Amino acid sequence: NLSWHEADQYCRTQGCSALAVVHTAAQQVDIAKVASDYKEYFPTRYTSDEVSYWHIGAEVVQGDVWQWVDGSEVSYLAWEADAPSSQHAGEDCMAANAEGKWISVPCGSESFFICGK
């Protein structure tokens, strides 16, 4: 488990572009599949608080403007119904929950992560 920034750096050192970015519905399906597959193969571990989301590649750059690690604007949206929430200060990094929907999390929180290609 790594923080969002540590995970992004790790992805880059492993030959990936960075954390995963999602520009299309097809890419969102891939993110949701990672969450679904993990839940199917590791159900007991999945129920722990340790594995409730995966870091993906977007963060707040100013106010409530989100930007992918490749510098592009977050235009395709797959947020969980109540996310992102301005009520949770400090949740400036993006993650995918168990269903693959996006949530905002503190950048320093440690979790699994999904690297991009």
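## Close-up views of a predicted single-chain model

The buried residues of helix 1 pack against strand 1 (54–62), strand 3 (93–96) and strand 5 (112–113). Helices (H or I, at least four residues) and strands (E, at least two) are DSSP runs, numbered from the N terminus. The model is predicted, so local features need pLDDT of at least 70 and side-chain atom pairs count only at pLDDT 80 or more, while totals for chains, interfaces and linings use all residues. Residues are numbered from 1 along each chain as its sequence is written, and side-chain values use heavy atoms, with hydrogens and water left out.

**View 1. Overview of the chain.** The chain has 3 helices and 5 strands, in the order α-α-α-β-β-β-β-β from the N terminus. Of its 117 residues, 38% are buried (buried: under 20% relative accessible area; exposed: over 50%; partly exposed: in between; 1.4 Å probe, protein chains only). Among contacts in the chain with a separation of 6 or more, 66% are between residues 24 or more positions apart (contact: heavy atoms within 4.5 Å). The accessible surface comes to about 6,600 Å², and 51% of this surface belongs to carbon and sulfur atoms. Accessible areas come from the Shrake-Rupley method with a 1.4 Å probe; for residues, only the protein chains shown count as cover.

**View 2. The buried face of helix 1.** Trp 4, Ala 7, Asp 8 and Cys 11 are the buried residues of helix 1 (residues 4–13). Seen down the helix axis, these residues fall within an arc of 100°, so they line one face of the helix. The arc is taken over the directions from the helix axis to the C-beta atoms. After helix 1 comes Gly 15, with a positive phi near 90°.

**View 3. Asp 8 in helix 1.** Asp 8 belongs to helix 1 and is buried, at 10% relative accessibility. Not counting residues up to four places away in sequence, Asp 8 touches Ala 18, Leu 19 and Val 69. Phe 113 is 105 residues from Asp 8 in sequence, yet their C-alpha atoms are 8.5 Å apart in space.

**View 4. Gly 57 in strand 1.** Gly 57 lies in strand 1 and is buried, with a relative accessible area of 0%. With residues up to four places away in sequence not counted, Gly 57 touches Trp 4, Leu 19, Ala 20, Val 21, Gln 67, Trp 68 and Val 69. The C-alpha atoms of Gly 57 and Ala 7 are separated by 9.4 Å, and the two residues are 50 residues apart along the chain.

**View 5. Val 69 in the loop between strand 2 and strand 3.** Val 69 sits in this loop and is partly exposed, with a relative accessible area of 23%. Leaving aside neighbours within four places in sequence, Val 69 is in contact with Trp 4, Asp 8, Arg 12, Ala 18, Leu 19, Val 21 and Gly 57. Val 69 and Glu 59 are 10 residues apart in sequence, with 7.6 Å between their C-alpha atoms.

**View 6. The cis peptide bond at Pro 84.** Pro 84 is placed in the loop between strand 2 (65–68) and strand 3. The peptide bond joining Ala 83 and Pro 84 is cis, with omega about -15°.

**View 7. Ser 3 and Ser 109.** Ser 3 is found in the segment before helix 1, and Ser 109 in the loop between strand 4 (102–105) and strand 5. Ser 3 is buried, with a relative accessible area of 10%; Ser 109 is buried at 16% relative accessibility. Leaving aside neighbours within four places in sequence, Ser 3 is in contact with His 55, Cys 107, Gly 108, Ser 109 and Glu 110. By the corresponding count, Ser 109 touches Leu 2, Ser 3, Trp 4, Tyr 53 and His 55. Ser 3 and His 55 are 52 residues apart in sequence and 8.1 Å apart in space, C-alpha to C-alpha.

**View 8. The largest pocket.** About 270 Å³ of space lies in the largest pocket. Of the 16 residues that line the pocket, Ala 20, Val 21, Cys 115, Gly 116 and Lys 117 lie nearest its centre. Helix 2 (residues 25–41) gives the largest share of the lining, 4 residues. The lining has 9 nonpolar, 3 polar and 4 charged residues (nonpolar: Ala, Val, Leu, Ile, Met, Phe, Trp, Tyr, Cys and Pro; charged: Asp, Glu, Lys and Arg; polar: the others, Gly among them). On a 1 Å grid over the protein atoms alone, a pocket is an open set of points where a 1.4 Å probe fits, with protein on both sides within 12 Å along at least five of seven lines; lining residues have an atom within 4 Å of a point. Grid points are joined across faces, edges and corners, and the volume is the space filled by probe spheres set on the points.
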